[in-house]
Amino acid sequence: YLILIWLFLWNSFRFIAKPCAINLGIQDSGPHRAQPNAILEKVFTSITKSPDGKRLEGLSKQLDWDVRKIQRWFRHRRNQDKPTTLTKFCESMWRFTFYLSIFLYGIKFLWSAPWFWDTRQCWYNYPFQPLTSRLYYYYILELAFYWSLMFSQFTDIKRKDFLIMFVHHLATIGLITFSYMNNMVRVGTLVLCLHDASDFLLEAAKLANYAKYQRLCDAFFMLFGVVFIVTRLGIFPFWILNTTLFESWELIGPYPSWWLFNGLLITLQILHVIWSYLIIRIAYKALVRGKVSKDDRSDVESSSEEEDATSNSTKGVFSTSSNGSNRVNGHVASGQWPEE
């Protein structure tokens with residue numbers, strides 16, 4: 001039921017986010033549309049969206065078009081099915097609202113929790129630890145939200161990092177469910193709060209990008225990168241993994257589910273390393289060029305090499321190319337990064 005509620009809230013939230021986007025000057029206009037052509041449309045819908053060289057030559061002879069013109073048509077046709085900047089702004093505003101709210105709630109809840117200050121408290125009297133109503137709702141809200149992200153990923157644009165994001169969502173849902181069933185909710189709350197610490201900053205950067213506040217976008221992205229690397233490569237391994245791998249072994253021994261639980265956490269850590277590398281690469285390009293470069297995982301294709309060069313030289317990390325806009329999801333590069 002909560003999953004359906006999240007999906008309903010997301011659709012309802014558009015009525016709030018859309019006026020905000022319009023006031024910021026964001027237009028509900030999509031990428032350049034391909035010129036109508038029945039033959040190419042039939043090939044696109046029935047055969048392939050990315051024809052190979054042999055098929056391109058055949059279409060060129062059939063239509064008496066230049067091969068490059070046909071390639072441009074297919075790029076435009078693929079891009080015109082992508083969501084508009086307004087739609088992406090509404091989605092990012094919804095996620096920003098959730099991530100910020102759940103992070104503030106988690107900090108407020110954990111500030112008075114003894115295991116927040118001493119991780120060994122996560123294992124005292126385990127598994128006979130009380131499940132308070134506040135802890136229960138914190139867990140259920142997070143679990144339902146990540147399930148909604150899992151479902152929406154299949155209706156969103158398919159990106160190069162689709163598989164990584166799919167593994168990330170599976171690991172996250174598995175960890176939340178597994179820790180709840182095994183009453184490991186204390187350490188679970190630490191993991192959830194730690195991951196929420198940087199997500200709202202990424203969404204803020206996307207919002208600034210869609211509104212064309214490039215300096216604000218770059219500032220939020222750099223802040224996001226610092227927080228992400230500190231929390232995922234610093235605090236997570238030395239605080240979370242330390243207590244799950246070593247303190248739990250010392251206090252309660254190698255319980256049967258110890259291997260699976262820590263295996264999921266280590267999987268998350270591997271993803272953290274991959275995403276941190278991508279962030280560092282983007283940040284390096286920003287320092288070299290004076291602004292963040294174009295995201296390699298952009299959901300919009302340029303219509304020509306010249307357009308690519310123009311877009312790369314004049315736009316920021318989340319900037320819109322001549323054919324459309326980049327987008328960041330889940331969850332970590334300019335266009336759409338881990339939406340943990």
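Biologist: Which residues should not be read in detail, and why?

Modeller: The average pLDDT of the chain is 76, and 76% of the residues score at least 70. Over residues 293-340, however, pLDDT stays under 50. Where pLDDT is low, predicted coordinates should not be read in detail. The model does have 186 contacts beyond four places in sequence for residues 293-340, but the caution applies to low-pLDDT coordinates in general.

Biologist: Why is Phe 178 called buried?

Modeller: The relative accessibility of Phe 178 is 14%. Buried means under 20%, so Phe 178 at 14% counts as buried. Phe 178 is placed in helix H8, residues 162-181. Leaving out residues up to four places away in sequence, Phe 178 touches Met 184, Ser 257, Leu 260 and Phe 261. Its C-alpha atom is separated by 9.6 Å from that of Gly 188, 10 residues apart along the chain.

Biologist: What does Phe 261 touch, and which residues have the most contacts inside the largest nonpolar core?

Modeller: Beyond four places in sequence, Phe 261 touches Leu 175, Phe 178, Ser 179, Met 184, Val 187, Thr 244 and Tyr 255. The largest nonpolar core has 59 residues, and Leu 110, Trp 115 and Phe 261 have the most contacts inside it. Two or more residues are given to this core by each of helices H5 (85-111), H6 (114-117), H7 (133-153), H8, H9 (185-210), H10 (214-252) and H11 (258-289). H9 provides the largest share, 12 residues. A second, separate core has 10 residues, including Val 43, Leu 59, Ile 70 and Trp 73.

Biologist: What makes the pair of Phe 116 and Trp 117 edge-to-face?

Modeller: A search of the whole structure finds 23 aromatic pairs. In the pair of Phe 116 and Trp 117, the centres are 5.0 Å apart and the planes make an angle of 90 degrees. Rings pair when their centres lie within 6.5 Å, and planes over 60 degrees apart count as edge-to-face.

Biologist: Are the two partners, Phe 116 and Trp 117, buried or exposed?

Modeller: Phe 116 has a relative accessible area of 17% and is buried, whereas Trp 117 at 55% counts as exposed. The limits are under 20% for buried and over 50% for exposed, so the two residues receive these labels.

Biologist: Which residues form an aromatic cluster, and how do you know that Lys 69 lies over the face of Trp 65?

Modeller: Phe 98, Tyr 99, Phe 145 and Tyr 146 form one aromatic cluster. Lys 69 lies over the face of Trp 65, at 4.3 Å from the ring centre. The distance limit for a charge over a ring is 6 Å, and the charge must also be within 35 degrees of the ring normal. The value of 4.3 Å is therefore inside the distance limit.

Biologist: Where is Pro 127 found, and what joins Tyr 126 and Pro 127?

Modeller: Pro 127 is found in the loop between H6 and H7. A cis peptide bond, with omega of about 5 degrees, joins Tyr 126 and Pro 127.

Terms used: Residues numbered from 1 in each chain as written. Predicted model: local features only at pLDDT ≥ 70, side-chain atom pairs only at ≥ 80, totals over all residues. Heavy atoms only, no water. Helix = DSSP H or I, 4+ residues; strand = E, 2+ residues; numbered from the N terminus. Buried < 20%, exposed > 50% of the residue type's maximum accessible area, 1.4 Å probe, protein only. Contact = heavy atoms within 4.5 Å. pLDDT = per-residue confidence, 0-100. Phe/Tyr/Trp six-rings, centres within 6.5 Å; stacked < 30°, edge-to-face > 60°. Core = buried A, V, L, I, M, F, W, Y, C linked by side-chain atoms within 4.5 Å.
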